[in-house]
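Please look over the sequence and the 3D view below before reading on.

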Amino acid sequence: MPTPHISAQPGDFAERVLMPGDPLRAKFIAERFLERPRQVTAVRNMLGFTGEFRGKPVSVLGHGMGIPSVSIYATELVKFYGVRSLVRVGSCGALRPDIALRDVIIAQAAGTDSNVNRTRCHGYDLPAVADFDLLRACVDVARARALRVHVGTVWSSDLFYAPPSPLFDRLESLGVLAVEMEVAGLYGVAAEYHCRALAILTVSDHLRREEALSSDERERSFETMVELALATEG
Ligand code: HPA
């Protein structure tokens, strides 16, 4: 039965779904990394595919930009399609000086300026945390591959174009590694529906040094991160 935002049938999605923001990246992942990929949804051009990786079923679906968008797709996957594990593969802007472009950030937890998790929790904070087994498995693979990887807290912001503010100084002094726009929403959905979630992020820009990857460099580091996500079986 199709849902409002996904036109697949029951059984079309694997229990494990990789989620990039951009639907064309979902297509790229399916065609480049999955065996026998088939398209299972395209509502609003938010492309989704299912195939196999090393003989096991895996799906990939774009989640769009921002917490409301990722929350819609993640919720429909777990509520209506039997999905049990959601892994976001995305980009982020680094805050700390010891983090370089192309480094990988594994989001152990996320703070946010969004109200979604307070809405879920009667006005109080809900800890937005990664699934421990996925987190541990991902860190093990990343270290075995000698990737430059940081594990810690990220900040999910509703505004990409935020007004000038001392907030970044404060977040950095509180140990936040990087800023992006979806993880707190994804982890909130996972808490609500008792599924597993993890976010793996490539540093595409540095918010303190005004550095950014070129589009070629983004593509190469994206592939490294997808390989890491696919090898994470926690
Ligand atoms: N802000 C929010 N999201 C991002 C950024 C950023 O600077 N870089 C990559 N994703």
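His150 is buried, with a relative accessible area of 12%, where buried means under 20% relative accessible area, exposed means over 50%, and partly exposed means in between, using a 1.4 Å probe and the protein chains only. The model is a predicted one, in which local features need pLDDT of at least 70 and side-chain atom pairs count only at pLDDT 80 or more, while totals for chains, interfaces and linings use all residues. Residues are numbered from 1 along each chain as its sequence is written, and side-chain values use heavy atoms, with hydrogens and water left out.

**His150 and its partner**
- His150 is found in strand S8, residues 149-156; helices (H or I, at least four residues) and strands (E, at least two) are DSSP runs, numbered from the N terminus.
- The side chains of His150 and Asp103 are joined by a polar contact of 2.7 Å, a term for a pair of N or O atoms within 3.5 Å, of which, within protein, one must be able to donate a hydrogen and the other to accept it, and for which residues adjacent in sequence count only if both atoms are side-chain atoms.

**The ligand and its surroundings**
- Which residues surround the ligand? They are Ser91, Cys92, Gly93, Phe160, Val179, Glu180, Met181, Ser204, Asp205 and Leu207, where a residue counts as near a molecule or strand if one of its heavy atoms lies within 4 Å of it.
- Taken alone the ligand exposes 260 Å², and the protein buries 89% of that; such areas come from the Shrake-Rupley method with a 1.4 Å probe, and for residues only the protein chains shown count as cover.
- Strand S5 (85-94), strand S9 (178-180) and strand S10 (196-206) each supply at least two residues of the shell around the ligand, and the largest share, three residues, comes from S5.
- A backbone N or O atom of Gly93 lies 3.3 Å from a nitrogen atom of the ligand, and a polar side-chain atom of Asp205 lies 3.1 Å from a nitrogen atom of the ligand.

**Helix H7 and the segment after it**
- Helix H7, residues 215-231, has 17 residues and reaches 24 Å from its first C-alpha to its last, close to the 24 Å expected at 1.5 Å a residue; the expected span is 1.5 Å times one less than the number of residues.
- Thr232 has its place in the segment after H7 and counts as buried at 2% relative accessibility, and its side chain reaches the backbone oxygen of Leu228 at 2.8 Å.

**Positive phi values in two loops**
- Arg102 lies in the loop between S5 and strand S6 (104-112), and its phi is near 80°, a positive value in a residue other than glycine.
- Is Arg102 buried, exposed or partly exposed? Arg102 is partly exposed, with a relative accessible area of 46%.
- Although Arg220 and Arg102 are 118 residues apart in sequence, they are 9.1 Å apart in space, C-alpha to C-alpha.
- His122 has its place in the loop between helix H3 (116-120) and strand S7 (128-129); its phi is near 55°, a positive value in a residue other than glycine, and at 75% relative accessibility His122 counts as exposed.
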